[in-house]
Amino acid sequence: KTTLKPQSSGINAEYGDYSELSADITAKIGRIPNLFGKDKHDMVGDVEVLLEEAKELIDQIEVESHAATGDSRRQIMMNVANYKRDYETHVKNLRKARLSYTDDAEQRNELLGNEHKNTLTSNSERLERSSKRLEDGYRMAMETEEIGQNVLNNLAQDREKINNARNRLNNVDSTLSQSSRLLNSMYRRVIQNKAMMFIIGLVIVVIIVLALYGMLK
């Protein structure tokens with residue numbers, strides 16, 4: 001197992017530490033495909049430890065970059081970006097080495113199974129999210145349909161009320177027409193009765209006048 005060397009003063013020492021770590025990781029990854037059983041397992045473990053140390057060193061350099069200024073800081077950040085890409089390359093190479101030229105079928109199947117399981121889990125989660133969105137959309141559609149149905153029912157009720165009011169108005173109008181005709185008829189009868197009484201009164205006066213005239217003559 002390889003560990004970090006004690007740091008020297010300055011950022012350049014950390015650059016040297018990472019270079020040595022990276023070279024060690026590259027060499028050990030290159031040996032993994034030719035190993036079997038426990039030897040291969042141990043070598044993979046050593047590389048994983050080295051990768052963890054490399055990651056910590058990159059993080060340490062990145063933190064120290066915040067104290068730098070100007071061109072120095074930009075240079076450090078460029079180196080950090082390169083180290084991160086180098087680190088990711090080591091991780092990918094380790095994964096490939098564990099699956100290449102091995103007689104450890106069980107381990108290979110386990111790794112492939114884990115990747116397949118992760119893919120299925122991811123697909124299942126996406127399917128679940130899609131199903132939830134569909135359920136939410138269906139529920140919103142049903143709620144919208146219910147609201148629309150309620151509006152239509154209210155409109156139908158309002159229409160019925162308007163029709164009933166219109167019918168009542170028609171009935172009132174018909175009643176008023178009948179009342180008007182009845183009043184006109186009564187008025188005509190009153191006029192007729194007054195005219196008849198006037199004529200009768202006039203006849204009586206004429207008769208009285210004639211009677212008085214006859215008596216005086």
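Buried means under 20% relative accessible area, exposed means over 50%, and partly exposed lies in between, with a 1.4 Å probe and protein chains only. Keep those cut-offs at hand for every stop below.

**Before you start**

This is a predicted model: local features need pLDDT of at least 70, side-chain atom pairs count only at pLDDT 80 or more, and totals for chains, interfaces and linings use all residues. Residues are numbered from 1 along each chain as its sequence is written, and side-chain values use heavy atoms, with hydrogens and water left out.

**Stop 1: the whole chain**

Show the cartoon. The protein has four helices and zero strands. Along the sequence the pattern reads α-α-α-α. Helices (H or I, at least four residues) and strands (E, at least two) are DSSP runs, numbered from the N terminus.

Switch to the surface. Its accessible area is about 16,600 Å², and 58% of that belongs to carbon and sulfur atoms. Areas come from the Shrake-Rupley method with a 1.4 Å probe; for residues, only the protein chains shown count as cover. Of the 217 residues, 18% count as buried.

Now contacts, meaning heavy atoms within 4.5 Å. Take those between residues at least 6 apart in sequence: 65% join residues at least 24 apart.

**Stop 2: helix α1**

Select residues 11-31, which are helix α1. This helix has 21 residues and reaches 31 Å from its first C-alpha to its last, close to the 30 Å expected at 1.5 Å a residue. The expected span is 1.5 Å times one less than the number of residues.

Colour the buried positions of α1, among them Ala13, Tyr15, Tyr18, Leu21, Ile25 and Ile29. The buried residues of α1 pack against α2 (37-65) and α3.

**Stop 3: helix α2**

Move to residues 37-65. The 29 residues of α2 should span 42 Å at 1.5 Å a residue, and the end C-alpha atoms are 42 Å apart, which agrees. Buried residues here include Met43, Val44, Val47, Leu50, Leu51, Leu57, Ile58 and Ile61. The buried residues of α2 pack against α1 and α3.

**Stop 4: the tyrosines**

Which residues do ring pairs link into a cluster? Select Tyr15, Tyr18 and Tyr83. The structure holds two aromatic pairs. Tyrosine 15 and tyrosine 83 form an edge-to-face pair, 6.0 Å centre to centre with 70° between the planes. This pair links distant parts of the chain: tyrosine 15 sits in α1 and tyrosine 83 in helix α3 (residues 70-99), 68 residues apart.

Rings of Phe, Tyr and Trp (its six-membered ring) pair if their centres lie within 6.5 Å; planes under 30 degrees apart count as stacked, over 60 as edge-to-face, and the rest as tilted.

Tyrosine 15 is buried at 15% relative accessible area. Tyrosine 83 is buried at 12%.

**Stop 5: histidine 90**

Stay in helix α3 and pick histidine 90. Buried or exposed? Histidine 90 is buried, with a relative accessible area of 4%. Leaving out residues up to four places away in sequence, histidine 90 touches Tyr18, Ser22, Ile25, Thr26, Ile29 and Leu51.

**Stop 6: salt bridges**

Side chains of opposite charge can pair when their charged atoms come close. A salt bridge is a side-chain nitrogen of Lys or Arg within 4 Å of a carboxyl oxygen of Asp or Glu. The structure holds five salt bridges.

- Select lysine 84 and glutamate 62: the closest N and O atoms are 3.2 Å apart. The pair links distant parts of the chain, with lysine 84 in α3 and glutamate 62 in α2, 22 residues apart. Lysine 84 is partly exposed at 36%. Glutamate 62 is partly exposed at 22%.
- Select lysine 38 and aspartate 42: N to O is 2.8 Å. They are separated by about one helical turn because they are four residues apart in α2. Lysine 38 is exposed at 61%, and aspartate 42 is partly exposed at 32%.
- Select arginine 74 and aspartate 71: N to O is 2.0 Å. They are three residues apart in α3, so about one helical turn separates them. Aspartate 71 is exposed at 57%.

**Stop 7**

Finish on helix α4, residues 105-216, and find valine 206. Valine 206 is partly exposed at 40%.
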